[in-house]
Amino acid sequence: MVGPIKDAWNRVSDSCRYHFPCLFDPARRSAMMLKVALVALHLIYAGVLFLLDEDLIQKTKEEPWYTSLYLLLFVAALAQYFFTAGSSPGFVLDAMRVCDESDALIKRFNSEQRQSASSNNGSLPVTVDGSQFHRNRLESSTSSWTKLVMSMYPPGSSVRNWTCPFCNVVQPPRSKHCQDCDKCVLQFDHHCVWLGTCIGQRNHCRFWWYILEETVLCLWTEILYISYLKSNILRAWWNDAIIIVLLIALSFCLIFLLLLLLFHSYLVLTNQTTYELVRRRRIPYLREIPERVYPFSNGICQNVYNFCCARSSLYYLEPLPRAHEIEAKARPYTCLDILRCRCC
């Protein structure tokens, strides 16, 4: 009797493991629980308002556009959260694969052109073994990636210095290996625990927009809570103890979100990352650069454009600035520079 029950239990367990793998992986399970907790927190704050605030319900009936805008922002913030959490930060291996594929297509096109020209001249085409062709193409594409990356470093740099010991791939400037994702990330900013993913080149813009939407939603919710307390000021304060506790917690969240938004806005305007700012003296190619010099900055307008528009659909690799570029950026501003919009 025990055997059939055990077999049935194993089949059910295997089926659940197959259809719901996130429940059996500790890392994915904790990330899922964080997402559930975040959604539940949003629903609690909004639900308490609509359950207790009769004035808000009456205002919704009279001016439905006001509540519609709030609910639209509520849904947009949650959608942006899941969209950012499921996005790729831009892994070095993916950029290398794209480089390899484009390089292989170019070489294949050139080879076909040469074979076509040889056929027109009466020559016999040469066939190559498939495995040998694949190996030669892989070696040539790997060397092309290495040449591309090493051209971004100062002359005389060693490949060994910029090769990741975990991924065994040459890292472009501004890349870093993330221990949580176990991959090298382009323009690594940080690993966000709440999102369960890294923030890098391809999703930093989405992360900034999520912080903005969450900050506006938090501020709007706090205004609604304060309005509710003001309209019920004559009642005993202990009747609104839940509202007061939620409002205090919401105030701390709002302060944190505002500081985070200002911090990442500063990073965007100066074309920096959190990792570069915090660990600047530990990054070899940034040690000799003065603190007030932003080596990758191209001006405020160009930085914002690259952040919002130019990096959403491709892998953008930035070379290290040369010595004369560092000297130009270290030069103090003058009135003529301001008139020429040098900072922009």
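These notebook entries record what I looked up in the structure above.

**Entry 1. Overall make-up**

I noted at the outset that this is a predicted model. I then looked up the secondary structure and found twelve helices and four strands. For burial, I found that 36% of the 344 residues count as buried.

**Entry 2. Helices H3 and H4**

I next examined how helix H3 (residues 54-62) sits against helix H4 (residues 64-85). Their axes come within 5 Å and cross at roughly 110°. I therefore recorded H3 as roughly perpendicular to H4, since angles of 65 to 115 degrees count as such. Which residues meet here? On the H3 side I listed Leu56, Lys59, Thr60, Lys61 and Glu62, and on the H4 side Pro64, Tyr66 and Thr67. By class, I found the residues of this contact to be three nonpolar, two polar and three charged.

**Entry 3. Salt bridge within H5**

The structure holds four salt bridges, and I went through several of them in turn. The side chains of Asp94 and Arg97 form one of these, with N to O at 2.8 Å. I located both residues in helix H5 (residues 92-120), where they lie three residues apart, about one turn of the helix.

**Entry 4. Arg174 and Glu276**

I then looked up the pair formed by Arg174 and Glu276, whose side chains meet in a salt bridge at 2.7 Å, N to O. Arg174 lies in the loop between helix H6 (130-150) and strand E1 (176-178), and Glu276 in helix H9 (residues 274-278), so the pair ties together parts that are 102 residues apart in sequence. I checked the accessibility of both partners. Arg174 is buried, with a relative accessible area of 4%. Glu276 is buried as well, with 5%.

For the salt bridge of Glu291 with Arg281, I noted that the closest N and O atoms are 3.0 Å apart. Glu291 and Arg281 both lie in the loop between H9 and helix H10 (300-310), so this pair ties together parts that are ten residues apart in sequence. I recorded Glu291 as partly exposed, at 47% relative accessibility. Arg281 also counts as partly exposed, at 41%.

**Entry 5. Positive phi angles**

Last, I looked up backbone angles at two residues. Asp182 has a positive phi of about 60° although it is not a glycine. I placed Asp182 in the loop between E1 and strand E2 (183-185). Gln187, also not a glycine, has a positive phi of about 50°. I placed Gln187 in the loop between E2 and strand E3 (190-192). Is Gln187 buried or exposed? I found Gln187 buried, with a relative accessible area of 7%.

Key
Residues are numbered from 1 along each chain as its sequence is written. This is a predicted model: local features need pLDDT of at least 70, side-chain atom pairs count only at pLDDT 80 or more; totals for chains, interfaces and linings use all residues. Side-chain values use heavy atoms; hydrogens and water are left out. Axes are lines fitted to C-alpha atoms, for helices over the stretch in contact, and angles run from 0 to 180 degrees between N-to-C directions. Angles under 35 degrees count as roughly parallel, over 145 as roughly antiparallel, 65 to 115 as roughly perpendicular and the rest as oblique. Contact means heavy atoms within 4.5 Å. Ala, Val, Leu, Ile, Met, Phe, Trp, Tyr, Cys and Pro count as nonpolar, Asp, Glu, Lys and Arg as charged, and the others, Gly among them, as polar. Buried means under 20% relative accessible area, exposed over 50%, partly exposed in between (1.4 Å probe, protein chains only).
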